[in-house]
Amino acid sequence: MTGALAPVGPLGAPVVAQVTAIEASLFVFVVLTALFTALARDVLAAVIIFGAYSLGMAALYTFYRAPDVAMTEAAISAGVTTVLLLLTLAKTTRADHEAAFESVNLPAAGAAGLLFGGLLLTMGDIPAVGSEDAPIWSNPDVSQWYIAQTYAETGVENAVMAVLAAFRGFDTFGEAVVVFAAGIAALIVLHREVFA
């Protein structure tokens, strides 16, 4: 026995997970912007780079066929969070720094590197985008049940909205509470009683 069998596609050919150039460039962009955000000494620069990081993550989510997550990332993280951080910076004073980046804490960088390496080792077990080995296809009874029974169970024609509002109702309610709390925090930061 030489090892585990390779996954086989619909025509009997082995399925090989390939990283596309777009996926690799988005991944490199996200990693670099995360590093620059962590190392930037100037808070304004860190906020701007963080906004770019969030847009990169939104693009990566879109590439992985999760447009709902991508829209949330773009709206909340790249949009609202960046604006709130910039408004906070506008109401405070900025210290001038001679160096553009912080010095690297070697033990922390080593720990982060080990974690990153460990995560990279698990990448081989993740099915490729569109692969027949993805969990959604390995258990078609679950997905077919949602498609067939969503309207009967909830009365909502759109299956995605039914899952968000009915089957995951408490989770969606929790997310709405977080957005509401963020709005209240914005009003406190801006010293206003209403958005106008």
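Predicted model: local features only at pLDDT ≥ 70, side-chain atom pairs only at ≥ 80, totals over all residues.

How many aromatic pairs does a search of the whole structure find? The search finds six aromatic pairs.

- Helix α2 covers residues 43-63, 21 residues in total.
- From its first C-alpha to its last, α2 reaches 30 Å, which is close to the 30 Å expected at 1.5 Å a residue.
- The buried residues of α2 are A46, V47, G51, S54, G56, M57, A58 and L60.
- The cover over these buried residues includes α1 (21-39) and α3 (67-90).
- After α2 comes R65, which has a positive phi, near 65 degrees.

**Helix α2 against helix α3**

- Two packed helices are described by the angle between their axes and the distance between the axes.
- The axes of α2 and α3 come within 8 Å and cross at roughly 175 degrees.
- Because angles over 145 degrees count as roughly antiparallel, α2 is roughly antiparallel to α3.
- On the α2 side, the residues that meet α3 are V43, L44, V47, F50, G51, S54, L55, M57, A58, Y61 and T62.
- On the α3 side, the residues that meet α2 are V69, A70, E73, A74, S77, A78, T81, T82, L85, L86 and L89.
- Sorted by class, this contact of α2 with α3 holds 15 nonpolar, six polar and one charged residues.

**Y53 in helix α2**

- Y53 is located in helix α2.
- Y53 counts as partly exposed because its relative accessibility is 23%, between the limits of 20% for buried and 50% for exposed.
- Leaving out residues up to four places away in sequence, Y53 touches V30, T33 and A34.
- Y53 and V30 are 23 residues apart in sequence, yet their C-alpha atoms are 5.5 Å apart in space.

**Aromatic pairs**

- The search of the whole structure finds six aromatic pairs, and two of these pairs are described here.
- The ring centres of F63 and Y64 are 5.5 Å apart and their planes stand at 65 degrees, so this pair is edge-to-face.
- F63 is partly exposed, with a relative accessible area of 25%, and Y64 is also partly exposed, at 34%.
- Y146 and F167 form another edge-to-face pair, with 5.2 Å from centre to centre and 80 degrees between the planes.
- This second pair links distant parts of the chain, with Y146 in helix α6 (residues 140-154) and F167 in helix α7 (residues 159-167), 21 residues apart.
- Y146 counts as partly exposed at 32% relative accessibility, and F167 is partly exposed with a relative accessible area of 32%.
- W145, Y146 and F167 form one aromatic cluster.

- T150 counts as buried, because its relative accessibility is 2% and the limit for buried is under 20%.
- Apart from its neighbours within four places in sequence, T150 is in contact with W145, G155, V156, A159, A162 and F167.

Conventions:
Residues numbered from 1 in each chain as written. Heavy atoms only, no water. Helix = DSSP H or I, 4+ residues; strand = E, 2+ residues; numbered from the N terminus. Expected span 1.5 Å × (residues − 1). Buried < 20%, exposed > 50% of the residue type's maximum accessible area, 1.4 Å probe, protein only. Contact = heavy atoms within 4.5 Å. Phe/Tyr/Trp six-rings, centres within 6.5 Å; stacked < 30°, edge-to-face > 60°. Axes fitted to C-alpha atoms, helices over the stretch in contact; angles between N-to-C directions. Parallel < 35°, antiparallel > 145°, perpendicular 65-115°, else oblique. Nonpolar A, V, L, I, M, F, W, Y, C, P; charged D, E, K, R; others polar.
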